[in-house]
Every structure is written in C-alpha cells, then in structure tokens.
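Look through the sequence and the 3D structure shown here before reading on. The report after it is meant to be read with both in view.

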Amino acid sequence: MQSLWLSMRVSVGVSVSVRSASARVRRSAIVASSSEGENRSTSSFLSRTQTYALLKQQLQVAAKSEDYKEAARIRDSLKLFEDEEPVLRLRRLMKEAIADERFQDAASYRDELKKIAPHSLLKCSSDATTLGIRVQVRSVYIEGRSQPSKGLYFFAYRIRITNNSDHPVQLLRRHWIVTDANGRMENVWGIGVVGEQPVILPRNSFEYSSACPLSTPNGRMEGDFEMIHVDRVGSRSFNVAIAPFSLSLLGDDDGHII
C-alpha cells in the first residue's frame, strides 16, 4: 500500500508539474506574441513616418527646381498619405469624439493609438514645476535641416524657465535623456544652457532655443536642470524637472508656441 501511495504521489506530482510547465510555456508564448505584435506595429509606424519625411523632402526639391508637375504629383501623394495614415486618422477621430463629448469613442481611439504608435500620444510640449520653478518646452520638426534619405531628422525646441518662487536662482547644469524611436537612449550633461548660467529673479523668466538631431523621425526628450538659491549662503543645489515631450515629424494637434 505504501509503495502504491508513493507511486500515486509521484504520478500526480509529475502530472501537475507537466501541466504547470505547459501553462508557463503558453503564457510565455502569449507574452512573446504580444511583444512581437507591438514591435511590428512600432516598426510599421516608423517606416510610414520615414516615407512621409521623404515625400516632403521630394516635394521641396521639386518645387525648388520648378518641376511643378512633379510637385503636384507629390503633393497629391502627401494628401492621400495624410488621409490614410492610421496615426493621423485616429488623432483626428479622437479629437472629433472629444469635441462631440463621445468619450467612450475617444477612449477607444486612444487605446488603438497606444497599440500602433505609443510615442504618438506624447505631446510635443511639456510643463512642469519644481519648488516654484516652472519649465515649459515646445519642440518642432525642422524640415529644412533634415535629410531623411540619410537618416537625419532635425528638431528644435524652445524652453521658458519661470521663477515663481520667492528666491533668485541660478541654473548651473543641464541633463537630458534623449530616446529615439528604436528605444536607443542617450544621456547628455552640460554646464548651463546656450553658454550661460543665468540667474533668474523671482517673477522673472529666462528663455532659450536649442536643437536635437535624431536618426529616426520620432523620439522623446526629458531631463532636469541643476539650480541653486543664490541668496542663501551655503545652500545646496536642487534639480528642477523637465517633463517628457515628443520629438515628432508628424507634430501634434496642439500647434501653439510657448
């Protein structure tokens, strides 16, 4: 009887183990399949955006060379692309749904955008406040300095730093985290901004413009400024957040500047 009981325990144990392993394999396959699907969607979006950039560059070349027939053909191709491009179409539908207060539809369009182009939901602007220091950013694609055929996409951004605290501050250093559409991340550190370490008095602002080249038509930036209170002897420096914002050839629906 004891040997039979041991045999049953071994048999049941093996069976449960096999079922558990099988379930783990199935779960792994589902996760892998989902990941592969997301990667394919991201890759497809990247490819379409590169095509869009090339068409815009070709239109510019045709117009400059006064080949107006070719320019008209490319213009029509761009219009068709813009009408059929899933990201632009879903953005348009989501905006219309919000305007009509069809929020369930808007949520559905947003979820679909998350699947096919996660970066597209990040705005080309950001706004964050740390210890009374407000940092506003707006980015824009610079077509004239980009070369899509060579994998070069040029973005400019403008920053406004407003001191809403009661103490003057000085910007000492900057730190950027730049991520392209392939997930490649680069950390950039530097002294001050545009060759300055500005002192910003209470209720005053400092603005500057800079640029960032990318090897993909989409990406994101975020980071922080290291600052110090200049009216406090021996005070320690502190970090002021720069909230994430998008670098996007397609831009977003919010076209205003800071």
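## Model and numbering

This is a predicted model, in which local features need pLDDT of at least 70 and side-chain atom pairs count only at pLDDT 80 or more, while totals for chains, interfaces and linings use all residues. Residues are numbered from 1 along each chain as its sequence is written, and side-chain values use heavy atoms, with hydrogens and water left out.

## The chain as a whole

The protein chain has four helices and nine strands. Helices (H or I, at least four residues) and strands (E, at least two) are DSSP runs, numbered from the N terminus. Along the sequence the pattern reads α-α-α-α-β-β-β-β-β-β-β-β-β.

Of the 258 residues in the protein chain, 35% are buried. Buried means under 20% relative accessible area, exposed over 50%, and partly exposed in between (1.4 Å probe, protein chains only). Contact means heavy atoms within 4.5 Å. Among contacts between residues at least 6 apart in sequence, 67% join residues at least 24 apart.

Helix α2 (residues 68-84) has 17 residues and reaches 24 Å from its first C-alpha to its last, close to the 24 Å expected at 1.5 Å a residue. The expected span of a helix is 1.5 Å times one less than its number of residues. The buried residues in α2 are A71, I74, L78 and F81. Seen down the axis of α2, these fall within an arc of 80°, so they line one face of the helix. The arc is that of the directions from the helix axis to the C-beta atoms. On the face of α2 turned away from the buried side are the exposed residues Y68, K69 and E84.

Helix α4 (residues 103-116) has 14 residues that should span 20 Å, and its end C-alpha atoms are 20 Å apart, which agrees. In α4, A106, L113 and I116 are buried. These residues cover an arc of only 95° around the axis, which puts them on the same side of α4. Q104 and K115 are exposed on the other side of α4.

## The largest pocket

The largest pocket has a volume of about 290 Å³. Of the 19 residues that line it, the closest to its centre are V178, V188, A211, C212 and M221. On a 1 Å grid over the protein atoms alone, a pocket is an open set of points where a 1.4 Å probe fits, with protein on both sides within 12 Å along at least five of seven lines; lining residues have an atom within 4 Å of a point. Grid points are joined across faces, edges and corners, and a volume is the space filled by probe spheres set on the points.

Strands β4 (169-180), β5 (185-191) and β7 (205-214) each supply at least two lining residues. The largest share, six residues, comes from β7. By class, the lining has 13 nonpolar, two polar and four charged residues. Ala, Val, Leu, Ile, Met, Phe, Trp, Tyr, Cys and Pro count as nonpolar, Asp, Glu, Lys and Arg as charged, and the others, Gly among them, as polar.

## Single residues

T179 lies in strand β4 and counts as buried at 10% relative accessibility. Leaving aside neighbours within four places in sequence, T179 is in contact with R184, M185, G219 and R220.

Most residues other than glycine have a negative phi. L131, in the loop between β1 (125-130) and β2 (133-141), has a positive phi near 50°. L131 counts as exposed at 58% relative accessibility. V194, in the loop between β5 and β6 (199-200), has a positive phi near 40°. At 45% relative accessibility, V194 counts as partly exposed.
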